[in-house]
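Good morning, colleagues. Please look at the structure on the screen while I take you through the main points.

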Amino acid sequence: MASHLLKAVHYLRDRLGYRAGLWYLRDAEAREVDFLVTVERKPAILLEVKGSAATEPAALSNFRRQLDLDRAYLVVGTGGVDSSDRGNSIRTISADRFLASLV
């Protein structure tokens, strides 16, 4: 996942001229989210990667609210998954579908 996201960030930088970055988030309480993509130094995509969608990570919802993002992604290894939890704006999507949407 990291290499595909980095490839997308490099495309945004090199081809389209955006100031894009790929980050890992962790706060003082040790809550963490796997990836944050920024564009023009503003949060754009927040995502957590898990093997399955058994439970939704609380840190993902917390960071989504703190960064004032409309949506965050829980990317899972299970194929054919694509659902949204409207209560906290977390979209659970399979890795194959998410990666198909990248460059």
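How many residues lie between strand 1 and strand 2 in the hairpin that they form? There are 5, and Ala30 in that turn has a positive phi of about 70°. Helices (H or I, at least four residues) and strands (E, at least two) are DSSP runs, numbered from the N terminus.

Before I continue, a word on the source. This is a predicted model, in which local features need pLDDT of at least 70 and side-chain atom pairs count only at pLDDT 80 or more, while totals for chains, interfaces and linings use all residues. Residues are numbered from 1 along each chain as its sequence is written, and side-chain values use heavy atoms, with hydrogens and water left out.

Strand 1 and strand 2 pair in the antiparallel sense over 6 bridges; two strands count as paired if DSSP finds at least two bridges between them. Within this pairing, Ala20 stands opposite Val39 of strand 2. Ala30 is in the loop between strand 1 and strand 2, and its phi is positive although it is not a glycine. Most residues other than glycine have a negative phi. At 41% relative accessibility, Ala30 counts as partly exposed. On this scale, buried means under 20% relative accessible area, exposed means over 50%, and partly exposed is in between (1.4 Å probe, protein chains only).

I turn now to helix 2, residues 58-66. Which of its residues are buried? They are Ala59, Leu60, Ser61, Asn62, Phe63 and Arg64. The buried residues of helix 2 pack against strand 1, strand 2, strand 3, strand 4 and strand 6.

In the loop between strand 3 and helix 2 we find Pro57, which is buried, with a relative accessible area of 14%. With neighbours within four places again left aside, Pro57 is in contact with Glu48, Lys50 and Leu74. After helix 2 comes Asp68, whose phi is positive, near 60°.

The interior comes next. In soluble globular proteins, nonpolar side chains tend to be buried together. A nonpolar core is here a set of buried Ala, Val, Leu, Ile, Met, Phe, Trp, Tyr and Cys residues joined through side-chain atoms within 4.5 Å. The largest such core has 12 residues in all, including Leu25, Leu46, Leu69 and Ile90. Strand 2, helix 2 and strand 4 each supply at least two residues of this core. Apart from it lies another core, of 10 residues, among them Ala20, Phe35, Tyr73 and Ile93.

What of the charged side chains? Side chains of opposite charge can pair when their charged atoms come close. A search of the whole structure finds 5 salt bridges, each defined as a side-chain nitrogen of Lys or Arg within 4 Å of a carboxyl oxygen of Asp or Glu. One of them joins Arg19 and Glu40, with the closest N and O atoms 3.1 Å apart. Arg19 lies in the loop between helix 1 and strand 1, and Glu40 in the loop between strand 2 and strand 3, so the pair ties together parts that are 21 residues apart in sequence. Arg19 is partly exposed at 46% relative accessible area, and Glu40 is partly exposed at 30%. Glu40 also has a positive phi, near 55°, in a residue other than glycine.

Another salt bridge joins Asp27 and Arg31, at 2.7 Å from N to O. Is Asp27 buried or exposed? At 18% relative accessibility, Asp27 counts as buried, whereas Arg31 counts as partly exposed, at 31%.

Finally, the surface. Tyr11, Leu16 and Tyr18 form a nonpolar patch with about 280 Å² of accessible area together. Patches are made of residues with over 30% relative accessible area and no salt bridge: like charges are joined within 9 Å, nonpolar side chains (Val, Leu, Ile, Met, Phe, Trp, Tyr) within 5 Å. Accessible areas come from the Shrake-Rupley method with a 1.4 Å probe, and for residues only the protein chains shown count as cover. Leu16 lies in the loop between helix 1 and strand 1 and is partly exposed, with a relative accessible area of 47%.

Terms used:
Contact means heavy atoms within 4.5 Å.
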